[in-house]
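Please read them with the structure open.

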Amino acid sequence: MQYIDLASQYKILRERIDQRISEVLTHGQYIMGPEVTELEQQLSKFVNVKHAITCANGTDALVLALMALNVKQGDAVFCPTFTFFATAEAIAFVGATPVFVDSDSHSFSICPVDLEEKVKTIKTSEKLNAKAIVAVDLFGLPADYEAITKIANEFDLKVVEDAAQGFGGQIGDKKAGSFGDIATTSFFPAKPLGCYGDGGALFTNSDEYADKLRSLRVHGKGADKYDNIRIGMNSRLDTIQAAVLLEKLAVFPQEIINRNNLAKKYNQALSKKFNTPQVPENYLSSWAQYTLVEQSRDTIIAHLKANNIPSMVYYRTCMHQQSAFRDIKVSQYNLYRSEQLSQRVVSLPMHPYLDESDFIKIIDTLEAL
Ligand SMILES: *Cc1c(COP(=O)(O)O)cnc(C)c1O
């Protein structure tokens, strides 16, 4: 059994993906070819935002977003401590200071109460300039953008949505990727929408940010590639990856339905015995991960492993505990719920093509525990 089964998906899409890749090999426009433009149009339509700008990966997407918002040294950027490293890394990479915020034990996302508390602390200390919030749609569930936006407006902060895991999710009829001033995603193969290598994208309704992002991803280009008006990066999505993504995006809505059906089945079978994930009313998760929160996590993992069932721990180490962040000058405190999550979470196999026999095996194995 695979934790994420990409081979099953390829088997279904093989002809169409091979055809698309072959077309790229024929026209030979490997950098910024017509598939990149086509994908950006499809992505902006899917998310329902004015601009979708592709780039090389989800980490670059975060860095580009922060650069477009002019985040720099001396700025404080608030982000959850319970997340993938790239969220906080991007903040430090542009020279700003990540201020770590605790997470809600049920949604796994940044806790608005602790966020407000930490923003107030930074605002009154005067050492750092409170500049932005990077919220993360952890495990596929969009963060609480209503509460986050309220805090951002009150304290004059920009909001970045890290939808690397949440792409495909929704709040009401608003899609993940449409929240905040700029949203980012990743097309790393294991993400809900993945390509066959690295890839990423940014989303915004602002013409100004979109222009800046299109310049920043190609060495800060001006009117053309050899007219450079700012310091940027080299961060483009390969045309071949865009070709793959066009075919995967076409079946993505059905895959989100499949993932939600599987999550529902998991919840029905497991919620009596385990702490199963809950989706707030009006929210739709893309189920990047299906995650239990259990004190006996290590026993569960060992038992699954003994029965050849893969499971994963995302994430064992909070950002404030990472040695890369040991020198951060502002104090990082009150992160207990995140620390507890990092000790208790375990994720089960989750992908759109998990078959019934595997599902039954997982349930039977967990019930025998
Ligand atoms: C995967 C991920 C990223 C980084 O994406 P890459 O494409 O691997 O660079 C950023 N943030 C979160 C929350 C992620 O899960």
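1. On a 1 Å grid over the protein atoms alone, a cavity is a set of points where a 1.4 Å probe fits but cannot get out, while a pocket is an open set with protein on both sides within 12 Å along at least five of seven lines; lining residues have an atom within 4 Å of a point. Grid points are joined across faces, edges and corners, and a volume is the space filled by probe spheres set on the points.

2. The model is predicted: local features need pLDDT of at least 70 and side-chain atom pairs count only at pLDDT 80 or more, whereas totals for chains, interfaces and linings use all residues. Residues are numbered from 1 along each chain as its sequence is written, and side-chain values use heavy atoms, with hydrogens and water left out.

3. Two cavities of 30 Å³ or more turn up in a search of the whole structure. The largest cavity holds about 110 Å³ of space. Its lining has 15 residues, and Leu6, Gln9, Pro192, Arg259 and Pro352 lie nearest the centre. α1 (6-27) and α8 (239-270) are the elements that give two or more residues to this lining (helices are DSSP runs of H or I, at least four residues, numbered from the N terminus). The largest share, three residues, is from α8.

4. The lining of the largest cavity divides into seven nonpolar, three polar and five charged residues (Asp, Glu, Lys and Arg count as charged; Ala, Val, Leu, Ile, Met, Phe, Trp, Tyr, Cys and Pro as nonpolar; the others, Gly among them, as polar).

5. The second largest cavity has about 90 Å³ of space. Among its 13 lining residues, Phe108, Phe139, Leu141, Pro277 and Trp287 are the closest to its centre. By class, this lining has seven nonpolar, six polar and no charged residues.

6. Where does the ligand sit? It is in the largest pocket, by the criterion that more than half of its atoms lie within 2 Å of the grid points. Around the ligand are 15 residues, of which Gly58, Thr59, Asp162, Ser186 and Lys191 come nearest (a heavy atom within 4 Å is required). α3 (58-68) and α4 (85-93) each supply at least two residues of the shell.

7. Polar contacts (N or O pairs within 3.5 Å) include a polar side-chain atom of Lys191 at 2.6 Å from a ligand oxygen atom. A polar side-chain atom of Asp162 is 2.7 Å from a nitrogen atom of the ligand.

Note on methods: A polar contact is a pair of N or O atoms within 3.5 Å; within protein, one must be able to donate a hydrogen and the other to accept it, and residues adjacent in sequence count only if both atoms are side-chain atoms.
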